[in-house]
Every structure is written in C-alpha cells, then in structure tokens.
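Please load the model in a viewer and keep the selection panel open. The stops below are meant to be followed in order.

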Amino acid sequence: MPRRTDLRKIALIGSGPIIIGQGCEFDYSGTQACKALREEGYSVVLVNSNPATIMTDPETADRTYIEPITPDFLELVLERERPDALLPTVGGQTALNVAMALHARGSLKRLGVEMIGANAEVIDRAENREKFKAIMGQIGVDVPRSGVAHTLAEAHEIVADIGLPCVLRPSFTLGGTGGGIAYNREEFARMAEIALELSPTSEVLIEESIIGWKEFELEVVRDRADNVIIVCSIENLDPMGVHTGDSITVAPAQTLSDKEYQRMRDAALRIIRAIGVECGGSNIQFATDPHSDRMIAIEMNPRVSRSSALASKATGFPIAKIAAKLAVGYTLDELKNDITRTTPASFEPTIDYVVTKVPRFNFEKFPDADATLTTQMKSVGETMAIGRTFAESLQKALRGLETGRFGLGADRADRWGTPDQPTSDEIAARLATPNCERIWFLRYAMLSGMSVADIHATTRIDPWFLEQIADILTVERELRAAGSTRAMTPAAWLRAKQYGFSDRQIATIFNVAQSEVRRERKAAGVEAVFKLVDTCAAEFEAVTPYYYSTYEAAVSYLPSAIGQKQTGPAGQIAEDETRPSTGKKRILILGGGPNRIGQGIEFDYCCVQAAFALRDAGFETIMVNSNPETVSTDYDTSDHLFFEPLTIEDVLNVCDRMKPDGVIVQFGGQTPLNLARGLEAEGVPIIGTAVDSIDRAEDRERFTALVDALDLRQPPSGHALDAQGALAVARRIGYPVLVRPSYVLGGRAMQIVYDDASLLKFVTTALDVAAGKPVLIDKFLEGAIEVDVDCVADGTRAVVGGVMQHIEEAGIHSGDSACVLPPHSLATALVEEIKRQTRALALALEVKGLMNVQFAVTAAGEVYVLEVNPRASRTTPFVSKATGTPLARRATLVMVGKSLDELGMHGEVTPTHFSVKESVFPFNKFPGTDIILGPEMRSTGEVMGIAETMPAAFAKSQLAASAALPATGTVFISVATRDKADAVPIARALAELGYKLIATRGTAAALRQEGIRVEEVRKVQEGRPNLIDLMKNGAVDLIINTPSGRGARTDEAKIRAAAVQHRVTCITTLAAAQAAVEACRTIRERPLGVMALQERFGKG
Amino acid sequence: MVEEKITEVIDIAKLALEDGTVYTGTAFGARTTTAGEAVFNTSMAGYQEVLTDPSYTGQIVCMTYPHIGNYGINDADRESGHPRVEGFVVRSLSRTPSNYRSTQSINDYLVATGVPGIEGIDTRSLVRRLRVRGAMRAVISTEILDDSELIRRARAARDMSGLDLVREVVPSQSSQWREGLDAPLTAHIFKPVLPRKRVVALDYGLKWNILRCLTAVGCDVTVVPGTATAADVLSLEPDGVFLSNGPGDPEPLDYAVETIRELIDRKPVFGICLGLQLLGLAFGAKTFKLKFGHRGVNQPVLNKRTGRVEITSQNHGFAVDADTLPGNVELTHVNLNDGTLEGLRHRTKPVFGVQYHPESSAGPHDSTYLFEEFRQVMG
C-alpha cells in the first residue's frame, strides 16, 4: 500500500517544554517525523511552544507555530492552516492530551481533520485503565488484580479479593502522595483511610503488589496491513516499583529464555491489535514473576516514547521516522532499513552488543524533595552506553553520567577504603529502598562481603546482573593486585578494558597519572576499536556510520588470509570498522552528554545546527555524544556518529581513529569545555575561540584584568579558599553578596547572603561542591535589571544576535527568569551601551564563534558585567527563533574560517515583534519543595511566546508554561513586608481591571490603607476555611506571593506548595506580577492570535 | 608474540578457519578437538534450542549476541536429546545462570555432552568474515594450539556440499510422539482442531517442537526414520505426511526424494526446511548452497497469498532455486532480505512446504497457521 494521496497537509504537535517525564526525546521523534513526512511530499504544520528544539527550526517544517500547546491555540492554528490530518503520536503525552481535547470538543470533526497514527478511540482504549483492563481480559493477557474503592468498606472488600501485600494509589494526589504498599491488614486499614482522605475525589486504586518482579518493555510497530514487529526489548535492572525512566535499563532483555520472550511477544502482538493501533509505534510494559511463569501487562503507550527513542538509538531502527511513514499509508515491507539500505524495514533488529541506560538525577537542587525512587519519575536526563558486554556498557554509562564518576567505583569519588566508607547499616538501608545511589551501594555491599543471594533478596535485582557486577569487582581486585602499570601484561590490560574500566579508574587504582595509563596501555597494544550499530549483527553490510567503542582480542591471520586492510603488527589485527577519510575536511563536534538542570536541549540544538551548517558547507562531520534522547545522536544528523561518554579518554580514542581537522567544544555546554584543555594538551586541534580565551573568561582574576583594561564595570568581588577568607572579602565589598563555587553550571550551590552567619553556612557547602576550587564572592546588586546578550564574532568583528531583558530582577538565575527580546523597558542608549560593551569583550577575547554576556543595570543606569561565556548559551536557540537568524550555524562557519562579512552578517537584527522566554519548573514532581526562585537554577525547560506587543507575548509564554493568567476571577495577594509599597500599584491595576482581590491580614490592611477593595482570608494556621480551602474549591485564579523567608515549613511555602498541587498560577516576584498585570489587561481587551515563524521572517 | 600471550591464559581454546584466520579465546564445555562448517546465528536468545537442533549437525555455531548462557539450560527447551553442534562460539559465557527454570549452566551441559566451546573472541569479526567469504570449514580445539596445524585440519575437514548428513541423525526406529505444547509458556499458541488426525513424520533430523506443534494442533504423530520408503509410510495409514528439517545438503538424499515422489500423489504432505528442499527436488526443482545461509529469528518472509510479512525463524544453508520450479508448483513465500524461495505449494494437490521454521523454537510464532492449514487439509 503506497502513501496516501488524499492527504496534502499534515499537522504535528510537539511536546512543549522539557519537563521531568517529557524530555528532548520528543524533539528527536518529532524532528524525524517532520523530515519523514516532508520527504514524502507532504506539507507539515508544526505546533510547539519550545524554542530550544530542532523541530521548531524554521527549516524543519513548512509552517512552524511556536505557540502554547492548548486546545484553543491548536484550534486557531488548524483554522488558519486547514490541514487534512493531525499526527498526535510524536509529541508525548502533551500532544495526545491536546489532540484528545480537540476531538472531545468536536474541533477536528468541524475542521475536517483526521487523526492519523492513532485515533481517539485507540488512545482512549490504551489510556483508560478500566477499558485497558477489560480488553486484556478479553484477549487472555494477565493484568494486576485491582479494584477502585471510594469507602473503607469497599477497600476492605477489594483487599479480601486480591490479597496482601498490595499497593494503594489514591487518585489525583500530587506525586502519588498517600500511596504505598501495605504488607499486613493493620497497615492496610491505616493506609486506606489516609489515602481516601487525601484523594480529592475520595478514590483509591488498590492493586496487587508486583513490586520486585522483573520489568520489561517491548517497542512494537504495526502497519496498516497488520504486520507487527518488535523493534527492541528492554529489561530494567531495577525491578518493578521504580519508574522505568528512573531505572537503569538494558537492551536487549538479558534474563528471558526464548520461550519466555516469545510469550511476551505474542502478548504484545495481541495487545497492539486489540487496542487497535493501526499504524505506528507503541510501547508495552510487562512484569514477570521471577519465580513462576506468571506474566502481567502493565501498560501501553500508543505513541512514540522515551523508550522508543532509546530503542531507536539502541538498535539503529528509527521508530519515529518509520511510524510517521506508516501513518500515511506505507507498509513496513515497502520501507527500507535505513542502515543496510538493501533489506526492508519489516524485520526485527538483532544486536550484537549490550546497551545500558542510566538516569541522571538532580536531587541536590531540591533538598526538601523525597529522593526515594518510586513509580513517579524524578530523573531529569539520561545517558546511554554501548559495549560488547553488560559490564563494559554499564561502566561506560556510569562515566557518561558526568557526575564525577569514571565507572563503577575505583575512582576519586569512591568512598570505599576512605574514612567515609559506608557502614553496613548504611549499605543495608541504601539497598532496601530504591534510590539514585543504589548502583554504587551494590558494589559497596559486595565489598563488604554480602553475597549475590543476599543482595538479591534485599533489592530483588536479578542475580544475573549482580553476577556481572561481581565480575567487575573481580577485575578490580586483579588490578589492585597488579598494583602498577609495570605489572600489567597485554592480556591483563585487555581484560580490564573489556570489563569497561576507564584509564581514570586504573590510574586511581595504580595512583598514577591518567596519561601514564593511556601511554602504557597503548604501548601494550591495547587500543579501543570501533564497531557498527547496524540492526542486524553484521549479517548485512551497513551503510550508516554509527559507531561505539569496545576492546577486542586480536585475530591472527596467515598472510594469505588477510583481507582488505591490515592495521596491527605482524598478522595480528583487532578489527575496527571505521572508514578511511573521503578527503573532505573532518570536523568533530562534542555534544553535551546527559540532560541536567542547567545543561539541556539548548546545547543539543546548537550541536545539531553545527552539524547541519558544516554538512552544507562541504565538511565531513563527526558527532560524539552519549545522550539517547537527542537529535544530535540521530545517525542522520552527522556523517559519523560516535555514541560515547564525553570523557577525555573516550574522545581521544575517537580522535586517534578519525584524525579530525578541527574539534568544536563551544556548543555542548560546560561538558566539552571542561575537556578542552585536556584535549588540547594531547594535540587535538580545537577550533573557534582559543582555549586560553575560555580560561580568560572563566578565571576570575584574568577576567577582572580584562574588564579593567576595557574600562568596564564589574560588581566588586573576591575569592576565598576558606571561610575566614570569605568573611574578609564580604566585609570588604559589603553585604549582600552572592557566593558561588567556580566552574559550575546552573548556579549549583549559589546563594545570596545578607550576613556573616549565612555566609559561613553557605561557604561550607560551596567549598564542598567545587572540590578544592575557590569560592567566588560578588557584591550583589539588589534590585538591578539583568540583561543577557548573545553575539557572534569572527575575531575581527562582533555582531550582537540579541539583547534580552530579564523580567525578574537580579538574583534569580538567568536560566530561571523570564526574559524579553527586544528589551521592553530599557532606554535605547542603554541598550546601545550594552551592545558596545559586548562587542568590546568579544574582540578583546578574540572570540571566534558564540559568546554570551550577562549584565546588570542598576536603577541609576549603571551597567555591570556579571559574566562572560565564550560559548553557545542557553538562550542561543531562543534568540535565533526570535530574530530569524541561525546564530549557531553562523558561528560554526566562523569557526571553520568564514568571516562575518562573508556570511552576510553586517548589522544587528531587532525584530518588531516581542518574544518572551519563560522557564518551566519540576515542582509538581517534588511535592514539598518551595517554589520561590533564587540564584540556583531549578527549571528543566522553557517556552516562548511571540506577539506584536510585550504583554501579549508574556501572556502566551505563561499559557505555554502551564501558568495561564486568568481573564477574570479572584487574585490572592500576599507579599513580604519590604514589597508592600510596590505591590500597591499592581493590586490597584488588578482591581481596576475587575478582578476580585483577596489577601491575608497584613497585606489586606496595607492595600485598604491605599483605598483598594480587598477581602481578607485566613492564613493556614488561623482556622478554616482558609486560603488552601479556597484553592481546593477552585475559588482562587491567581496568586501573587513574594517570599519573606525560605524553606518548606513556612506558612507561605505551604501556600505555594498548595498552589502547585491545585494548579493555581503562582507568581513569586513583583516584577513578574507587574508583567502579568499588563498581560491580563491585554487578554481582556482582545484574544491572542497565532502566526507562523515563516510568515514573520518572510520565508512562508 | 602470540605464544607469549597464550601462556598467560590457562584454559585456551582456538578456532581456525580454512582461510587461515585463527581466533584465540578461553575454553568452555568439553576439552577436545572438532571440525565442522563455521556458521553464525543472530538470535539473541534461544541458545539451548540452537544447540540441540539436529540441523546443526556438522557445524560449529557462533552466536552473534555476546552474552550466552544467561538463563541456563532447562529440561523443556530441548529440540532433541542432546547437543548437535560440533562446537559453540560465544563472546561472553554466563557461568552462573539466573532463571527459575534453569537446571544447569551451559558450561556444565556442554562438558557433560562432549561439546567444545570457545569464548572471549571477537565474534563480530568472525561473523563479518563469514559474511564476506561465505561459510567456511573450521576447527575448534582446546588441545592443539599450533596455528598451522589447526588451519591444516580445517582445510582437511569435510565439505557440506554433496554430503549426506541425514544418515548420521535419523532415528534407528519408529516411535510414537506424545508431548504437546501444554506448558504454561506455550499453551496459548494453538487450539486443537478436532477430530484428531494421524500423521507420519519422516525424521531427517527432526526438531521436537515441530512434533509438539503437530500434536497441539490435533495430530497423533508417528515418527519414522527419514530413510523409510513410501510403502513403509503408507502402511501406517496416515491422514497426512510430514517431512522434517534436517542437516546439510538435500541433493545427495536420493532415497528421500524417491519416497516423497511417491507420497505426494497419495497424501497431504507438509515439509519444513530440509523437508521443503526435498519436496522441491521431488517436484523437479534444483537446490543450491547459500553463501552463508540464514540462521536467526528475525528473517522477514512475505506470504504472497495474504500479502503479509511474517517474522520467521530460520536455519538453512541450502535453498530451492525458485527459477527451477515446475509450472504446477506455486511460489507461496519469499524472503524479503534476499528474494530467495521460502515456501511452495502444489497448485492442485494438498502438498506444501516452507523453508523457514513455523514451529519457531527459537523464534516468533507468526507462522503457526501452517500447522493449522496442514491439519485442515487432512479434513
């Protein structure tokens, strides 16, 4: 069945901002889908609010709407564009939900838009728990026994039927609050009562406990002709009870016999057919009882998912691309396997390596959050590693996490054998409850003498995995016994490398420099070889150069047997599959590794732009990255993809083999910058801004000298290596001061302090974080306006790409504050001065490529330089979208020798429309965390609002960030004492606009004094009904609450937490409140409209 | 230099190919020397089924998936009474299995049954070599460590083409098969069709799961040696005749072709793998040797009658040449990877066969309908 000819234009919905549970995997799938559909000649209309994506690049779709993903806005887009079909399955749950809402309100039918990939009935069957359960019953697939109770009596009836232990899941509580496992009747009675009370609908799901069972996922693809294939099986190392996004997962399944696997496959086929996904991909989760033949279907996602992205990267089979083509009518056998280009896509990939994914967490930014891993996802990113064995891939993945670990222990962060060695009590506790440190504690447990059987009994982790980890420890012991590089035979080197030990770990064990380990190992003839990811275990020749490194024993050949190439000594070759140079210049781009708060999709965007620009300019591109969610690790993005951890050793291995003519380090965030010096020392040609210039910008003293030389202003500052030094600096420059560790991204451990006591407290933490590096202390410019500037320079000229004015005042991390481009309230002369300073800095630093500068402007109009980053910034994609200028592409071409003149970058672009970037936070995943903003970055993602006026753009950005501003209703105001006076005009404006104001006693009195009508409400401790009751009843539409204190236990923090739980928009700064008032005024005047990027920039 | 390295490892095994390639790894299983044709299988699980599949007689099998032995060996997943491979080649052997059905490790199993194994070699480079040069004669040894001697022995090993390996594996006498697919992991696959029919299975090296499938779908199966004559078969008054899989080249098996020629006019006949090739020869078609064969559980086969793609389990080094099929035989299935013949059917008689393994084991259950069809054509 060829492609459908009755469709011409197809709308596609993205997943919006990066949030926990919805990461950049949907940029990867969405971009693939866009490309696939356009390849087939369809016109693609894309809606996504996230500017940091490749999919919202104006070149990815025909019509790109960076607009809020709400039914109202989608409807506006559909009205304007009148597409024939809507593909809702590549934008995560967000896209599915909004598509379902459009279906429910009849918009799709009215506008004649067909849902393709999965229709509303299918989505409902898969997502509605009761319907899903019923269908499973009909097709003979086992599900956990369960029931829903509304009363205690019902709860007892249900548990009598399903038995103990059982899981209680109260409906609609945040982060699963009030849920848990009951092991006995007494516990059950108590927990059921609490669960019913906490659930706003007095509803609790009581489910048979399958915690500790083995957990699997199958990635299933089906076409219109009912051909079904399983692309990949994934086994979770962490058994049932930990969300798969938070589990260490392994592909393919390791511990299933063929008989068990085929039964699971049969069930998956029955499920996808019964649910009715006609053409597309689905993810189905199963659990098996390790001690019997029982198998249970957990859930199904009728769309591409995080796991399908992982499966695509793990196998080389591009699920989203294929799913998009199936959605327009193709069958699997009509499509080619991209990797072989000779065999069809109607097959099941087989792999000859092991893939391990390890999640990355950011709990340190949410000290009040519960760090136990549960069925609610908490990780913010992930890294994937490929090795020939599980041991190798696990160790590679652990060093790919970039958390200062270089494998499973035996590195400098290893606590074993130090005074901080974990006690048996700590080990027992860390094993018993799933947590993000558990992998390290498996090793500690083994070192402490616990047997695999004991560890299995506590953790329920399959003994097979534990045995493999025990093998890693055996090799570690062998290395310790060897003691030095001199004692290492070639066989011993090979064995250590085959078990995944990094040079860094070996160097730590031998107590020598890493470079010595590398030198001696290479001298022993043990070097990394690269193998292909080819979907077929080498059965067919692969065309696509997608590689991973491993270590293999040499093969010996009789002279007559030697085939195409000989690289090793005398007839001994460890086979390597990389290809010889084509004669084109090779440029290697270092990616950003796993997503984390402070380093996310924005940097992947830049890396991908670099690859595209270089490819267009005739270079051969090489991408090195370890993040499976990304577009950069799509084998289509670059000419050679190396799926490798971003460490000196792994990158040098690639450089050894590929001999790049240039390496780009300024696009992947801090990750590659941290490697730059080490790579340069080994002779790797870094292109773009010199490593020394990066150092000049990052080294405080050198930077201060630069600022002085340019006659610019910097807040007074100093640095200290200990607490006493810090006190001295603070007293010299005067409080308040901003303290932070050097060389840390995302404002980790950064704090504004107002007195000696707080300074001492925070310096201690900061010193800890920076591990021996100094603590930086800056004068904090209270009340100043922050400005971010991105520019491109070629060494002789600098062009400002965009000037962004922050909405929130100085002191809030630039990654967390909203900003507007162009500045909405800065005088033209001031903006010009900021641009002048930016250009001066870029020229002085001899920047070749991108540079970002942060300024603070005081009320008196003085401009201070806060920091300079001679690299791509978090705002690069936002600026590119706001101004229609592909900054990262231009910067890339500068790095390979083009001048700005040659690139046609003569002047600066100041758009006539306004663009607002707003940050999105994970607070709803961490109940109990206070949501006030500060100098430590905590947002996971961002959205963009574009409109002709600043208030309209701001209103859109709030809608897109799920913090919609109400056009009417009740506003609760409660501000800190210092803010009372400034809150008055805001309250007055709201009252004049017709909003009803409510406030607690203090604020109410202050407002009444100014003649503003306000109703008083009770604080939480003042009795009931109080403010939280009003929120629960939906009687509050907006909250303006500026903090007077910080901490989860304060009354105001409870208000903010309740706002998150009840999804009431809560504004915590007066600056944002001011912007919100203007936005409210605008949305009351006239409805917001939509416009495609291509229209704004004259390409549509 | 090679020798120096070797002395450090206590338990060496070597694998030498006729082209002069020598792989040095660690021994497992039996300590001995064997020769055979080196082939690879791309199935990620199902190693026990592979080891015990009689079609691997005379072959040294390399598994492309690196971790083998993870879930051990159990009593149920056998395709015959003992391992049939000449040697077993893996990247990484799991010596401590983990599975509720496991009764022993693969190492213990191969020690007990006399099969040598080699682990720790670059199996992917071996596979690429076999892909480029084709299946090669090879020697696996834990005793002889001299490369030249090993290569000499590999070159002296018997060639698969023209060799009758079936005589080495046929049972000495007939037997009645009883076992179905009632185990919890497989009970869902078939619903029996009544009334039950009598089937005679000609055993050329039969996989037991074929018998389990036939039994489960509603057949009472008598297994007779593949050397039986048509008269022997007909004397059992079967409702249908099944032609089994088996090892090696179909061409030298004149006796079998003779028997089949007589049976196809008299009874419904269903053949699998070697059984299909023999059916092809009986119809007058030709067979040929594939470069490196199809061995795995992910081979896409187009069913030309339905237009649907089946993901199939395969293990064959020879194939029927589709261009030589007579006009009265229909090409029903085709391999989508290389276009080779995967199924045929007589246009008027209830006689058909497939090159792949609808009984799977190891592999997917996409093609179990063939057993149902066979049961149906018997009335």
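**Stop 1: a helix pair in chain B**

Select residues 254-263 and 274-283 of chain B: these are helix 9 and helix 10, which pack at an angle of about 70° with their axes 9 Å apart. Helix 9 of chain B is therefore roughly perpendicular to helix 10 of chain B. Axes here are lines fitted to C-alpha atoms, for helices over the stretch in contact, and angles run from 0 to 180 degrees between N-to-C directions; 65 to 115 degrees counts as roughly perpendicular, under 35 as roughly parallel, over 145 as roughly antiparallel, and the rest as oblique. Helices (H or I, at least four residues) and strands (E, at least two) are DSSP runs, numbered from the N terminus.

Now show side chains. Helix 9 of chain B contributes B:A256, B:V257, B:I260 and B:R261 to the contact, and helix 10 of chain B contributes B:L278, B:L279, B:L281 and B:A282. Two residues are in contact if their C-beta atoms, placed from the backbone, lie within 7 Å. Seven residues of this contact are nonpolar, none is polar and one is charged. In this classification Ala, Val, Leu, Ile, Met, Phe, Trp, Tyr, Cys and Pro are nonpolar, Asp, Glu, Lys and Arg are charged, and the others, Gly among them, are polar.

The model is predicted: local features need pLDDT of at least 70, side-chain atom pairs count only at pLDDT 80 or more, and totals for chains, interfaces and linings use all residues. Residues are numbered from 1 along each chain as its sequence is written, while chains are lettered from A and ligands numbered from 1 in the order in which they are written.

**Stop 2: B:P350**

Centre the view on B:P350, in the loop between strand 18 (341-346) and strand 19 (351-354) of chain B. Beyond its neighbours within four places in sequence, B:P350 is in contact with B:P268 and B:V377.

**Stop 3: chain B as a whole**

Zoom out to chain B, which has 11 helices and 19 strands. Of its 379 residues, 61% are buried. The C-alpha atoms of chain B fill a box of roughly 70 × 45 × 40 Å along the principal axes.

**Stop 4: where chain B touches chain A**

Display both chains: 59 residues of chain B are in contact with 58 residues of chain A. Among the elements of chain B that each supply at least two residues to this side are helix 1 (2-8), strand 2 (21-29) and strand 15 (287-303). The residues on the chain B side divide into 22 nonpolar, 24 polar and 13 charged.

Next, select strand 19 (residues 555-557) of chain A, which runs antiparallel to strand 2 of chain B and is joined to that strand by two bridges. Here A:Y557 stands opposite B:T21.

**Stop 5: a sheet in chain A**

Finish with the open sheet of four strands in chain A, ordered 6-9-7-8 with antiparallel pairing; strands pair if DSSP finds at least two bridges between them. Its edge strands are strand 6 (146-149) and strand 8 (180-182) of chain A. Neighbouring strands of the sheet are turned by 25° against each other on average, direction ignored. Four bridges join strand 6 of chain A to strand 9 (residues 204-208) of chain A, and A:A149 has A:V204 as its bridge partner.

Note on methods:
Buried ≥ 20, exposed ≤ 12 C-beta atoms within 10 Å, placed from the backbone.
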